[in-house]
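The exercises below concern a predicted model. Work each one with the sequence and the coordinates at hand, then compare with the solution.

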Amino acid sequence: MSKRRNRHGRGPRGPVVLPRAHGGRIDRINPTDAEFFTTCLAEAVGKVQWSCPGILDDVVVGAEDVPTMPEWTEGQVPLSSAVDGSNDSPARVVLYRRPLELRVASRRGLAILVHRTLVEQLSALTGLPVEKIDPSIDD
């Protein structure tokens with residue numbers, strides 16, 4: 001059977017796009033979901049450092065795709081976690097990408113949710129009110 005057969009009278013099959021004159025690949029215009037999430041988290045960290053300098057000095061902020069903790073099996077998946085620091089390790093805030101992405105309808109909403117989640121976790125970790133960490137958040 002020919003690769004260029006006429007299916008259902010719609011014409012012969014062939015390339016959808018003509019080959020590029022200089023070859024090579026076409027770069028993506030939009031970032032992937034993981035790249036966009038990483039960008040949102042970096043922007044949120046930058047906003048927090050600008051609005052409340054010094055709050056992230058002894059805190060490590062990171063991201064994971066899904067939570068791996070065994071205590072979230074009660075029916076609710078956590079969006080993030082905050083762990084107090086000890087003598088051996090600094091305090092940590094981890095945001096979980098997939099649970100956050102599943103709770104928003106747009107990328108703009110994801111950026112807002114990432115920022116608010118980071119601020120809330122820092123508030124719980126440091127004991128400072130949310131308004132002091134980021135005055136632009138309205139509750």
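**Exercise 1.** Find which residue in strand 3 stands opposite Val60, and state the sense in which strand 1 and strand 3 pair.

*Solution.* Step one: in strand 3, the residue opposite Val60 is Arg92. Step two: strand 3 covers residues 91–96, and its pairing with strand 1 is parallel, over 6 bridges.

**Exercise 2.** Give the strand order of the open sheet and explain why strand 1 and strand 2 stand at the edges.

*Solution.* Step one: the open sheet is formed by 3 strands in the order 1-3-2, with mixed pairing. Step two: strand 1 (59–64) and strand 2 (80–83) each have a single partner strand, so one side of each has no neighbour in the sheet and both are edge strands. Step three: from one strand to the next, the twist averages 15°.

**Exercise 3.** Describe the largest pocket by its volume, its lining and the classes of the lining residues.

*Solution.* Step one: the volume of the largest pocket is about 160 Å³. Step two: 12 residues line the largest pocket, and those nearest its centre are Lys47, Ala111, Ile112, His115 and Arg116. Step three: helix 1 (33–51) and helix 3 (107–126) are the elements that give two or more residues to this lining. Helix 3 gives the most, with 5 residues. Step four: sorted by class, the lining holds 5 nonpolar, 2 polar and 5 charged residues.

**Exercise 4.** Search the whole structure for aromatic pairs, then state what sits over the ring of Phe36.

*Solution.* Step one: the search of the whole structure returns 0 aromatic pairs. Step two: over the ring of Phe36 sits the charged end of Arg107, 4.7 Å from the ring centre. Step three: the cut-off for a charge over a ring is within 6 Å of the ring centre and within 35 degrees of the ring normal.

Methods
Residues numbered from 1 in each chain as written. Predicted model: local features only at pLDDT ≥ 70, side-chain atom pairs only at ≥ 80, totals over all residues. Heavy atoms only, no water. 1 Å grid on protein atoms, 1.4 Å probe; cavity = no way out; pocket = protein on both sides within 12 Å on 5 of 7 lines; lining within 4 Å. Points joined across faces, edges and corners; volume = space filled by probe spheres on them. Helix = DSSP H or I, 4+ residues; strand = E, 2+ residues; numbered from the N terminus. Nonpolar A, V, L, I, M, F, W, Y, C, P; charged D, E, K, R; others polar. Phe/Tyr/Trp six-rings, centres within 6.5 Å; stacked < 30°, edge-to-face > 60°. Pairing = 2+ DSSP bridges. Axes fitted to C-alpha atoms, helices over the stretch in contact; angles between N-to-C directions.
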